[in-house]
Amino acid sequence: MSMYGRDPWGGPLEINAADSATDDDRSRNLQDFDRAALSRPLDETQQSWLLGPGEQKKKKYVDLGCIIVSRKIFVWTVGTLLVSGFLAGFITLIVKTVPRHHHPHPPPDNYTLALHKALMFFNAQRSGKLPKHNNVSWRGDSCMSDGKSDVPSFIKDLVGGYYDAGDAIKFNFPASFSLTMLSWSVIEYSAKYEAAGELTHVKEIIKWGTDYLLKTFNSSSDTISSIIAQVGVGDTSGGSTTPNDHYCWMRPEDIDYARPASECHSCSDLGAEMAAALAAASIVFKDNKAYSQKLVHGARTLFKFARDQRGRYSAGAEAAIFYNSTSYWDEYVWGGAWLYYATGNSSYLQLATHPSLAKHAGAFWGGPDYGVLSWDNKLAGAQVLLSRLRLFLSPGYPYEEMLRTFHNQTSIIMCSYLPIFTSFNRTKGGLIQLNHGRPQPLQYVVNAAFLATLYSDYLDAADTPGWYCGPNFYSTDVLREFAKTQIDYILGKNPRKMSYVVGFGTHYPKHVHHRGASIPKNKVKYNCKGGWKWRDTTKPNPNTLVGAMVAGPDKHDGFHDVRTNYNYTEPTIAGNAGLVAALVALSGDGTTKIDKNTIFSAVPPMFPTPPPPPAPWKP
C-alpha cells in the first residue's frame with residue numbers, strides 16, 4: 001500500500017509503508033553510516049541544516065507596552081536621542097554665552113525726528129486739567145472755569161481743548177481743521193506712526209480735541225440750533241484796555257479775567273468743519289466702537305445743522321478779525337466726503353458730488369488761491385479725498401462724472417506745485433509762495449507738501465506711474481521731490497540755515513510769540529500788564545516750545561526772530577497739524593505705503609452681490 005503526496009519540487013512523492021521505520025530504527029540505522037564522513041568539518045549552511053531553527057541564536061527584545069522592539073534598535077535610538085539632546089544644549093549654551101554683534105538700526109530720518117517734536121507742540125497747547133504724562137514741564141492746569149457761566153443750558157462746561165496759538169483763545173474753526181488733518185494722516189499712515197512710536201500719542205492728541213468739540217454743542221441730540229464758536233476774546237481795536245487774551249500777556253495757568261463763550265446760530269462752515277473732524281476721527285477710533293459711534297452721531301447732527309441753518313460763522317463776529325471764513329460751500333463738499341467715508345451712507349456722497357455744490361465751492365474756476373488747502377478753504381483737500389474714491393473703488397454712475405472732474409482738477413493742482421509752472425512764485429531759496437508773498441506762508445506750504453506726497457502714494461498704490469500736465473507726463477517721484485524740498489526748507493535747508501521748527505537742529509527761533517513759553521515758571525504770578533516785560537524783552541524765551549512751527553519767513557527768505565512780530569514768530573495748531581501730516585507722509589525708508597482699505601471700512605459694496613452659480617449639470 002502506498003501514499004502519494006505532492007513533491008514541492010514538482011514530482012510525485014512516494015512513501016512505501018513497508019520501508020517506513022520507527023524513530024528507534026532510524027536512530028539505530030545512523031550507526032551504519034560512514035563515521036569518517038561525519039568527522040569532516042561542516043560549513044555554516046550544513047550546520048544550520050543539521051541544527052534546525054530551534055537551535056539558532058535568539059534575538060532579544062524590549063517590551064514598551066504598546067510596541068515590542070528589538071533591544072539593539074531601542075538602545076541605538078535612546079542613545080541617539082541623548083547625544084542629540086546634549087549637542088543641542090551645548091550649541092544653545094554657546095550661542096547664548098558668546099557675545100553677538102548686533103547690526104544697529106539705521107538712525108531715524110530727519111522727518112521722523114521732526115515728527116516727534118512737532119507732535120509735542122500739541123501737548124504744550126492743551127487747555128484744562130492736563131494728563132500726568134503731558135511731558136511739558138512748564139505747563140499746568142489752566143482755564144478750569146471755561147463755560148461755567150453765561151452759556152446755553154446744554155453746555156455743562158467748556159474745559160479742555162487746545163489754545164489756538166500764542167494766546168489762550170480756543171477757536172473751533174481752525175481747531176476742527178487741525179483735527180481733521182491729523183485724523184486723515186493717521187488713517188493713511190498709521191503704520192508709519194507705529195514705526196515711529198507715535199501712534200498712541202497722536203491718537204491721544206486727536207481725542208483730546210474731539211472730546212472738547214463734543215462739549216461745544218448738544219451732542220446727544222439729533223437736532224441742534226446753535227454751537228459754540230470760540231472761548232475767549234482777542235479784539236483790542238479802538239484802544240480797548242479791557243483785559244482779554246490779546247491785551248494781557250499772562251501764563252494760561254494765571255488767567256483771572258473773564259473768558260466769554262461765543263455762540264453761533266447760523267454757521268454752516270463751522271458746523272460742517274466740526275462734522276468733518278468728528279467723522280474723520282470716528283475712523284481713527286473705529287476699534288473703540290462706542291466712542292466711534294458717538295463721534296459719528298455728533299458728526300451727523302452737526303452736518304444737519306450746517307445744512308439747515310445757512311450762514312458764515314464769522315459774519316459779524318469777532319472771529320472775522322482772526323479766522324474769517326470766505327465761504328461754506330467747500331466745507332459742504334469736505335464734510336460730505338468725510339461723512340460718507342465714516343457712515344457709508346450714499347446720500348452724503350450724492351451731496352459731495354453734486355455739480356451745483358462743486359460749482360459754488362469753486363471747483364470749475366481757478367483764481368489766485370486755487371489749489372491752496374488751508375483752515376479757510378478745504379476744496380483742494382476734498383478733491384484729493386474724492387479722487388481716492390475713484391482711484392480705488394471707481395463707483396461709476398451716477399458719481400463718475402463729478403469724481404472724474406475732481407480727479408482732473410487734482411491733477412491740475414499737482415501740476416501747479418511744480419517749478420516748471422508759474423501758478424505760484426518761489427523765493428530765491430526755493431520756498432513756494434502759495435499765499436503770494438503775504439505773511440505767515442508756512443502753514444500753506446506744509447498742507448501742499450502733504451497733499452503732494454499723499455497723491456503720489458495714491459498713484460503708486462493704484463499702479464499708476466504718474467500723471468499728465470498737458471501733453472507732458474510726470475512721474476510720482478516729482479511730487480515727492482517737491483514735498484521734500486519744501487519740508488527740507490522748513491527744517492533748515494534755506495538761505496538763513498534756520499530751522500523754523502523750534503527745537504529741531506541747533507539754529508531755530510528763540511523768541512517765539514507765545515505767552516506760556518516766554519514767561520518763566522518761577523512761582524510768581526504776573527498780572528495782565530505785569531507780563532508785558534516778558535513780551536518785550538530781547539532775551540530768549542525761558543521755556544522751549546518744542547516742535548512749534550513758526551509763521552515763517554517773508555517773500556525774500558528774510559526772518560526776524562522778534563517776539564512781538566507774530567507774522568514771523570507765532571505758531572498755530574492749524575500750521576502744526578499740516579506739518580505733522582507732511583512729516584509722517586515723508587518719513588521712513590519708502591517701504592511702508594498708505595493704508596488703502598481702512599478709510600473704506602464703513603463703505604458698502606458699490607455693486608450688488610452677484611447671484612450664486614447654478615448647480616452642476618447632472619445627466
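Me: What is the relative accessible area of D561, and how do I read it?
Reply: Buried means under 20% relative accessible area, exposed over 50%, partly exposed in between (1.4 Å probe, protein chains only). D561 has 23%, so D561 is partly exposed. This is a predicted model: local features need pLDDT of at least 70, side-chain atom pairs count only at pLDDT 80 or more, and totals for chains, interfaces and linings use all residues. Residues are numbered from 1 along each chain as its sequence is written, and side-chain values use heavy atoms, without hydrogens or water.

Me: Where in the fold is D561?
Reply: D561 sits in the loop between α19 (532-536) and α20 (566-569). Helices are DSSP runs of H or I, at least four residues, and strands are E runs of at least two, numbered from the N terminus.

Me: Which residues does D561 touch, leaving out those up to four places away in sequence?
Reply: Contact means heavy atoms within 4.5 Å. On that basis D561 touches Y508, P509, K510, H511 and T569. The D561 side chain also reaches the backbone nitrogen of K510 at 2.8 Å. That is a polar contact: N or O atoms within 3.5 Å, within protein one able to donate a hydrogen and the other to accept it, with residues adjacent in sequence counted only if both atoms are side-chain atoms.

Me: Which residues does UniProt place under "active site"?
Reply: H513, D561 and E570, from an unreviewed entry. UniProt positions are in the numbering used here, feature names are shortened, and annotations may be inferred rather than shown by experiment. The three residues span 58 residues in sequence, yet no two of their C-alpha atoms are more than 10.2 Å apart, so they gather at one spot.

Me: Is E570 buried or exposed?
Reply: E570 is buried, because its relative accessible area is 16%. E570 lies in the loop between α20 and α21 (573-586). Beyond residues up to four places away in sequence, E570 touches A165, G166, D167, H513, M549, V550 and A551. The E570 side chain reaches the backbone nitrogen of G166 at 3.0 Å.

Me: How do I read residues that are apart in sequence, such as T112 and G197?
Reply: Compare sequence with space. T112 and G197 are 85 residues apart in sequence and 9.8 Å apart in space, C-alpha to C-alpha. T112 belongs to helix α5 (residues 110-124). With a relative accessible area of 11%, T112 is buried. Not counting residues up to four places away in sequence, T112 touches A196, S587 and G588.
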